[in-house]
Every structure is written in structure tokens, then in C-alpha cells.
Amino acid sequence: MQPWDQEAKMLADRVVALNEPYRQNTIAWLETCTQTPILDLQNDLRRFLVRLHPIIRESFLLHTSWILDEAVSHFGCRHAAAQSSRLSIGAL
């Protein structure tokens with residue numbers, strides 16, 4: 001397994017962790033970055049990463065991971081569950 005296989009999986013997992021409409025917005029943003037349609041998230045990201053120069057790939061991964069981590073913390077599935085539990089506790 002090549003390093004970009006793991007990196008593509010990591011990015012894809014973060015995108016999948018987002019709630020809609022944020023997930024589709026993120027995929028649209030990634031399509032702009034890759035300049036190709038993304039039909040199979042992990043494989044298309046892997047193909048994109050393979051084509052990049054190693055320094056550019058590292059920079060892309062660093063910045064994209066940071067952005068996706070922030071997005072997941074604000075708009076991810078766990079965030080939605082925490083929000084709903086806070087709302088239900090507040091209703092008591």
C-alpha cells in the first residue's frame with residue numbers, strides 16, 4: 001500500500017463524516033481542486049494525489065486535512081448528535 005492510499009482514505013473518511021449539505025459542498029470544492037469530477041471519492045482522491053509532486057501533495061494534504069478537521073468538528077455527524085443531546089437536555 002502506497003502512502004497516498006492511506007492519505008486518500010483519511011480524506012475520504014473525513015468527507016463522509018460530514019452531514020449534508022456540507023458533504024456535497026465539500027465534494028464540489030474537491031472537484032474544483034482536482035479539476036475532475038469525483039464519482040468514487042477515495043479512488044478519485046488517490047488518483048489526484050498520485051499525480052501531484054510530493055511537495056505539492058504534502059502541502060495539499062496538510063491544508064485540506066486541517067480544513068476538513070475543522071469542518072467535521074462543526075458540521076460532522078458527531079457534532080449533530082452532540083447538538084441534539086444538548087437541545088434535549090435543555091428542554092428538561
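User: What share of the contacts between residues at least 6 apart in sequence join residues at least 24 apart?
Analyst: In the protein chain, 64% of them do. Contact here means heavy atoms within 4.5 Å. This is a predicted model: local features need pLDDT of at least 70, side-chain atom pairs count only at pLDDT 80 or more, and totals for chains, interfaces and linings use all residues. Residues are numbered from 1 along each chain as its sequence is written, and side-chain values use heavy atoms, with hydrogens and water left out.

User: Why is H3 called oblique to H4?
Analyst: H3 (residues 41-51) and H4 (residues 54-75) pack at about 135°, with axes 8 Å apart. Axes are lines fitted to C-alpha atoms, for helices over the stretch in contact, and angles run from 0 to 180 degrees between N-to-C directions. Under 35 degrees counts as roughly parallel, over 145 as roughly antiparallel, 65 to 115 as roughly perpendicular, and the rest as oblique. The angle therefore makes H3 oblique to H4.

User: Which residues make that contact?
Analyst: H3 brings Phe 48, Leu 49 and Val 50, and H4 brings Arg 57, Phe 60 and Leu 61.

User: Which residues of H1 are buried, and what puts them on the same side?
Analyst: Asp 5, Glu 7, Ala 8, Leu 11, Ala 12 and Val 15 are buried. They cover an arc of only 165° around the axis, which puts them on the same side of H1. Buried means under 20% relative accessible area, exposed over 50%, partly exposed in between (1.4 Å probe, protein chains only). The arc is that of the directions from the helix axis to the C-beta atoms. H2, H3 and H4 are among what covers these residues of H1.

User: What about H2: which residues are buried there?
Analyst: Thr 26, Ile 27, Leu 30 and Thr 34 are. Their arc is only 100°, which puts them on the same side of H2. Their cover includes H1, H3 and H4.

Key. Helices (H or I, at least four residues) and strands (E, at least two) are DSSP runs, numbered from the N terminus.
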